[in-house]
There are 2 protein chains.
Amino acid sequence: MTRSHTPDMVRLGLDEVHDLTRDTLRAAGLGAAHAAAIARSITRAQADECHSHGLYRLLGYVDSVRSGKAEREALPVLARATPVVLRVDAKRGFAPLAIEAGVPALIEAAKTYGIAALAIHDCYHFSALWADIEPAIEAGLAAWCFTVGQCCVAPAGGTAPLMGTNPIAFGWPGPQDRPFIFDFATSAAARGEVELKRRAGEALPAGWAVGPDGAPTTDPAAALAGALLPFGGHKGSALSMMVELIAGPLIGDLTSRQAKAVENGDAGPPLGGELFIAIDPAVFGGATLAQRMSDAQELFALARAQPGVRLPSERRYAARARSAGGVLIPAGLLQEIRTLTSPHAAAERTEGG
Amino acid sequence: MTRSHTPDMVRLGLDEVHDLTRDTLRAAGLGAAHAAAIARSITRAQADECHSHGLYRLLGYVDSVRSGKAEREALPVLARATPVVLRVDAKRGFAPLAIEAGVPALIEAAKTYGIAALAIHDCYHFSALWADIEPAIEAGLAAWCFTVGQCCVAPAGGTAPLMGTNPIAFGWPGPQDRPFIFDFATSAAARGEVELKRRAGEALPAGWAVGPDGAPTTDPAAALAGALLPFGGHKGSALSMMVELIAGPLIGDLTSRQAKAVENGDAGPPLGGELFIAIDPAVFGGATLAQRMSDAQELFALARAQPGVRLPSERRYAARARSAGGVLIPAGLLQEIRTLTSPHAAAERTEGG
């Protein structure tokens, strides 16, 4: 752990990020299997400089361990509804361990039958969707995943929160070593972005939100008390409703509104489900697998050749390459994380739990 | 066929729309099975007042019969790559007959295994995606379909056409008799909308297009010579790229750019494929099927209760109810269709083919 040139940033090795996460979660009382899975998840996000899903997430995870929201020792159980529909009951534990329990079976089913689905049930999802599907993409599959986010988004034309931020991720198994993967909220902005604007005292771009009075607002506080809007007008709104349906009722799990009703208000994630779909390109007819990979590659190359165009995952892969030598973490965040395991915090935990 | 109160509109019964379509296609030389499938497709679109996919489409279909683009007698062949991956080889015929050949098998596979995919290969797709998936939705499934549209869309940040208009349709099997189904282009607007603006001498809204010089334009002619833009910035662009990948290379069919390269320039559709995915909600765990239908119903009801919110398919269902008593067709369009089967047009056809 060394100070960097920027005074308030500290350089950590990825193994330090991993161990700090694991040890902090263990000290908070989380079971070893969950602490290890979350440490892997946070380390990957931090390596890709997805700061919102990196070490920063540890604060919320610890809060949900302490509040009693997440089951500390829950062991996820994999079941097969059919050879191509898999289900993991997360038993109210955090998602990463449940995802690790389900994705290898999803990959195997998709490779055997061409298409398969995996539903993660009854979990607290706090990780990045791109990371959830990446193992399937690396195994040569195209894959999606969907989860229902915090209920704070109004349908297009409306003014009251009804839907979650409802992210969608999709990945294609190429190009080699840096596959095309996107992952975005179907709201105009993630709720965290609005919170950051509020802390920074900055106005929101037009079109992100309405206030509690239903009128368009650029005031972050008014937006948080009102509703975020979907991206892309009625089309984004339809996609948000789709995610609400397929990561909720389709798999027999909660809508964002139902999750809000059982929420304890800690700094962690809402209860809910996650849907994965994976397809093996090799199983379809038409062009050979080599030809279709080459056709996709040409598409990416032509996109990249246009000045101003960036493929969705390029920034992450550049960060990943940089991060082999370590990552920069705000000193204040590290201090906050260390405070979580201080004797005072431990005493609070004992009193609370 | 009776004149309506609007002087230049003519009221036709749905059976008249159907028979006019079938007879016009037959007179142009199209095989009976294709003419019947297209007549069903056009009649459904016209009944839902999707004018762009109703009788208006007949002009393009006839043009592609006459130009020799579409195989007049091609009989689609259904094959099973696996029990849950189905393929229909359309053999360069129009899509509606191939879709009718594949969708019942898709429904059966999804009901048996919980999830299934169907690829339509080597077809000329000119129909509305909502209509393509509606039989699966009516059978109680959630379903998607995707196809690659005409290559005229630049990726976000870019200026040159690389992707098609690449529509996405999704449907949920409720509410009863008027299920939630959306169907939209991932471009800011369909190419047809831009053409209509040009004919009307109207400016485009900002953000729809760039001109051949790469600069943003509101001039429809410049937009048609330049490129349309995706809806919703980089998120819509990522979705357009996803459709390009999954309705192209994933299933072993053409990208929009490859289709453009083999295009003969008639008024009909480009060559390509279509991907369907269907999921049976009944197969997943968690809530009962009745409970999940009720949860979705509550979501729709709460959306509709917000002033200003309309669900994607409501306008179509209202039109469908009205259309039992007949539909209004522009007299000029009817005249144009009748001209197609006049002796003069028939002579042209003989010379051409």
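These notes take the conventions, then the helix pair, then the interface.

**Conventions.** I worked on a predicted model, where local features need pLDDT of at least 70, side-chain atom pairs count only at pLDDT 80 or more, and totals for chains, interfaces and linings use all residues. Residues are numbered from 1 along each chain as its sequence is written, chains are lettered from A and ligands numbered from 1 in the order in which they are written, and side-chain values use heavy atoms, with hydrogens and water left out.

**Helix pair.** I looked up H4 (residues 95–113) and H5 (residues 129–138), both of chain B. Helices here are DSSP runs (H or I, at least four residues). Their axes lie 9 Å apart, at an angle of about 30°. That makes H4(B) roughly parallel to H5(B) (angles under 35 degrees). I noted a right-handed crossing for H4(B) and H5(B).

Which residues of H4(B) meet H5(B)? I found Ile99(B), Val103(B) and Ile107(B), facing Asp132(B), Pro135(B) and Ala136(B) in H5(B). Contact means heavy atoms within 4.5 Å. I sorted the residues of this contact into 5 nonpolar, no polar and 1 charged.

**Interface.** I then turned to the two chains. Chain A gives 71 residues to the contact, and chain B gives 71 residues. The area buried between them is about 5800 Å², with 76% from carbon and sulfur atoms. Buried area is the accessible area (1.4 Å probe) that two parts lose on being put together, summed over both.

I counted 2 salt bridges between chain A and chain B (a side-chain nitrogen of Lys or Arg within 4 Å of a carboxyl oxygen of Asp or Glu). Arg257(A) pairs with Glu298(B) in a salt bridge, their closest N and O atoms 3.2 Å apart.

Methods:
Axes fitted to C-alpha atoms, helices over the stretch in contact; angles between N-to-C directions. Helix = DSSP H or I, 4+ residues; strand = E, 2+ residues; numbered from the N terminus. Parallel < 35°, antiparallel > 145°, perpendicular 65-115°, else oblique. Left-handed = near helix turned anticlockwise from the far one by under 90°. Nonpolar A, V, L, I, M, F, W, Y, C, P; charged D, E, K, R; others polar.
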